[in-house]
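Hi,

Here's the structure I promised to pass on. Have a look at it first, then read my notes below.

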Amino acid sequence: MGFQFSDAHTDQYRRDGYCKAEGLFSPDEVKELGAEMDWIIEEWWGEESIGWRGPWRDHYLPDGQQRETRAVFLGNPQFYSAAWGRVIYQQSLNNCVRALVGPAVQWHHTILHGKPPERGTPFPMHQDYPFYPHDGPDFVDCLVHLDDAPLESGCLRVVPGSHTQGPLDHIEGDHTRPYLPPDQYHPDITETVPVPAKAGDVIFFSYYLIHWSDLNHSDQWRRSVRIGFHNAAMLPVGHDPQTPYHKVMVGGLKKRAAETKLTYR
Ligand SMILES: O=C(O)CCC(=O)C(=O)O
């Protein structure tokens, strides 16, 4: 029968902006996906990264350690592994996503955030909205855990209910990844709730939810993969309505809005 999403999950998502589906991926699925992700990293990933760049590092890391963090970010694993392609259509994941954002759903992105042991990068407080702004609220990020993510591994931390504020002003620019102004939003002054997880768990969160995560202090990797989906009626902000928006449908049918009809040329 597989994993069942309950009303309690959807109620929490609407109220708090997030919920966790425990064991949504079986141990066998996690094993296959984890092994294929490791293969992709080994085969394709070449660049040592410190993680997100920007002045936020001065506010989240001790003196002298601002550039000592490490991260593996890898986008679009479905370009290299069929198992990762199948994930975006996986029935139990799909059922949850449709319960949260509606029956017609488009896949938007898949990206690995790998935090190595001891110095896996933190993420500053932010919403995901400024990274991929769309014209509505029904955009859900799904954090698929390939490893256990206890507190000390730098698990996700959230501000419950913060999604109701909609998009907030972030510090943005060529010099930084978007982050919330630390004089208003910072772990020292803003109460957050940790959401530890086990391998196979998926945390669903609204792209309006304020969240962050700390350094990985543990001696284990913390690999999680964020998969973004949105209601198919939503378009990226600034999109030319005459141009079709080609993103993969993973649930239901996409209605045509202002776009012109397709023509063979
Ligand atoms: O999983 C984490 O450590 C944080 C990830 C995050 O901030 C994001 O996916 O936007």
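What follows is a walk through what turned up, element by element.

One thing to keep in mind throughout: this is a predicted model.

Let's start with the ligand. The residues around the ligand are His113, Phe123, Asp128, Leu143, Gly154, Leu156, His211, Ser213, Ser224 and Arg226. Two elements, strand 11 (211-213) and strand 12, each give two or more residues to that shell. Sorted by class, the shell holds three nonpolar, five polar and two charged residues.

Strand 4 and strand 11 run antiparallel and are joined by two bridges. Phe123 sits opposite Ser213 of strand 11, and both of these residues are on the list around the ligand.

Next, helix 2, which covers residues 27-44. Which residues of helix 2 are buried? They are Val30, Leu33 and Met37. These three cover an arc of only 75° around the axis, which means they lie on the same side of helix 2. Over on the other side, Pro27, Asp28, Glu42 and Glu43 are exposed. As for what the buried residues pack against, it's helix 4 (82-87), strand 3 (105-115) and strand 12 (222-231).

Strand 10 (residues 202-206) is the one to look at for burial. Five of its five residues are buried, so the rest of the structure largely encloses it. Both faces are covered: Val202, Phe204 and Ser206 are buried on one side, Ile203 and Phe205 on the other. Strand 10 pairs with strand 1 (residues 18-21) in the antiparallel sense over four bridges, and the bridge partner of Lys20 there is Ile203. Strand 5 (residues 139-145) also runs antiparallel to strand 10, with five bridges joining them; here Asp141 has Phe205 as its bridge partner. Leu143, one of the residues around the ligand, falls within the 139-145 range of strand 5.

There's a hairpin to point out too. Strand 7 (residues 171-173) and strand 8 (residues 176-179) pair in the antiparallel sense over two bridges, with two residues between them. Gly173 stands opposite Thr176 of strand 8.

Last one: Arg14, in helix 1 (residues 7-16). Is Arg14 buried, exposed or partly exposed? It has 13 C-beta neighbours inside 10 Å, so it counts as partly exposed. The C-alpha atoms of Arg14 and Gly161 are separated by 8.5 Å, although the two residues are 147 residues apart along the chain.

That's the lot from my side.

Cheers

Methods: Residues are numbered from 1 along each chain as its sequence is written. This is a predicted model: local features need pLDDT of at least 70, side-chain atom pairs count only at pLDDT 80 or more; totals for chains, interfaces and linings use all residues. The expected span of a helix is 1.5 Å times one less than its number of residues. A residue is buried if 20 or more other C-beta atoms lie within 10 Å of its own, exposed if 12 or fewer, and partly exposed in between; C-beta atoms are placed from the backbone. The arc is that of the directions from the helix axis to the C-beta atoms. Two residues are in contact if their C-beta atoms, placed from the backbone, lie within 7 Å. A residue is near a molecule or strand if its C-beta atom, placed from the backbone, lies within 6 Å of it. Ala, Val, Leu, Ile, Met, Phe, Trp, Tyr, Cys and Pro count as nonpolar, Asp, Glu, Lys and Arg as charged, and the others, Gly among them, as polar. Two strands pair if DSSP finds at least two bridges between them.
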